[in-house]
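Me: I'm new to this one and would like to know what the labels rest on. Can we go through a few of them together?

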Amino acid sequence: MPFAYTTFPAYSPATPKPPVQPAALEGKLVAEAHIASEADIRSGLADNLLRLWRYGLVLSHRRDVADDLVQQTCVRALERVGQFETGTRLDRWLFSILHSIWLNEIRSQRVRLGRGFVDADEALVVDGARETETHVLANQVLRLVNTLPDAQRAAVFLAYVEGLSYKEVADVLDIPIGTVMSRLAAARAKIATSVSGGGDT
């Protein structure tokens with residue numbers, strides 16, 4: 001009996017997909033990280049709005065200017081999402097942005113209009129998240145901080161009210177750490193003199 005040959009259709013492998021190019025993959029990863037980072041920053045902005053507003057108020061003494069500072073800080077933070085380094089402190093980054101806006105834009109345009117000062121009690125809002133002693137200290141500092149020169153006022157608020165380290169204050173204000181220490185020492189001396197003077201009356 002003759003051997004029967006069975007024929008099979010020729011095997012045609014599926015057309016392979018082109019490999020993902022490194023640049024395309026990197027771009028996709030960067031885009032995904034950007035989305036995640038933007039979501040994190042949006043969430044972080046909501047958590048830090050009050051702190052940013054208080055800092056804007058300490059710098060400007062005016063509620064409307066503080067509102068503008070916070071608004072512009074939020075806009076700039078979202079525009080510069082790619083500059084935020086994951087793992088660093090978001091609040092310090094936001095304070096730096098707000099301080100930069102104050103120096104470069106708002107201060108020169110509006111600070112000299114003279115609307116008066118805001119009482120420290122109004123600037124400090126107790127949210128229950130910190131210990132009572134911290135709020136009392138912050139309240140006392142804020143009562144006196146308006147009497148300080150601009151440079152000292154910013155350093156005192158960041159260090160003693162917001163609890164930033166000297167290095168973090170230096171990063172926010174973009175000055176050497178030695179300058180921070182000098183400003184804080186001068187501010188402490190002025191506050192001590194004010195307290196002593198108040199006690200004598």
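Me: Which residues form a nonpolar patch on the surface?
Reply: Keep in mind that this is a predicted model. The patch is made of Y166, I177 and M181, and together they have about 260 Å² of accessible area.

Me: Why is Y166 called partly exposed?
Reply: Its relative accessible area is 32%. Partly exposed covers what lies between under 20% (buried) and over 50% (exposed), so Y166 with its 32% gets that label. You'll find Y166 in helix α7.

Me: And S60, what makes that one buried?
Reply: S60 has a relative accessible area of 5%. Buried means under 20%, so S60 counts as buried. Its place is in helix α1.

Me: How do you know what the side chain of S60 reaches?
Reply: It reaches the backbone oxygen of G56 at 2.8 Å. The cut-off for a polar contact is 3.5 Å, so this pair is within the limit. Leaving aside neighbours within four places in sequence, S60 is also in contact with V65, A66 and W102.

Me: What does V169 touch?
Reply: Not counting residues up to four places away in sequence, V169 touches A155, L158, A159, L164 and V180.

Notes: Residues are numbered from 1 along each chain as its sequence is written. This is a predicted model: local features need pLDDT of at least 70, side-chain atom pairs count only at pLDDT 80 or more; totals for chains, interfaces and linings use all residues. Side-chain values use heavy atoms; hydrogens and water are left out. Contact means heavy atoms within 4.5 Å. Patches are made of residues with over 30% relative accessible area and no salt bridge: like charges are joined within 9 Å, nonpolar side chains (Val, Leu, Ile, Met, Phe, Trp, Tyr) within 5 Å. Accessible areas come from the Shrake-Rupley method with a 1.4 Å probe; for residues, only the protein chains shown count as cover. A salt bridge is a side-chain nitrogen of Lys or Arg within 4 Å of a carboxyl oxygen of Asp or Glu. Helices (H or I, at least four residues) and strands (E, at least two) are DSSP runs, numbered from the N terminus. Buried means under 20% relative accessible area, exposed over 50%, partly exposed in between (1.4 Å probe, protein chains only). A polar contact is a pair of N or O atoms within 3.5 Å; within protein, one must be able to donate a hydrogen and the other to accept it, and residues adjacent in sequence count only if both atoms are side-chain atoms.
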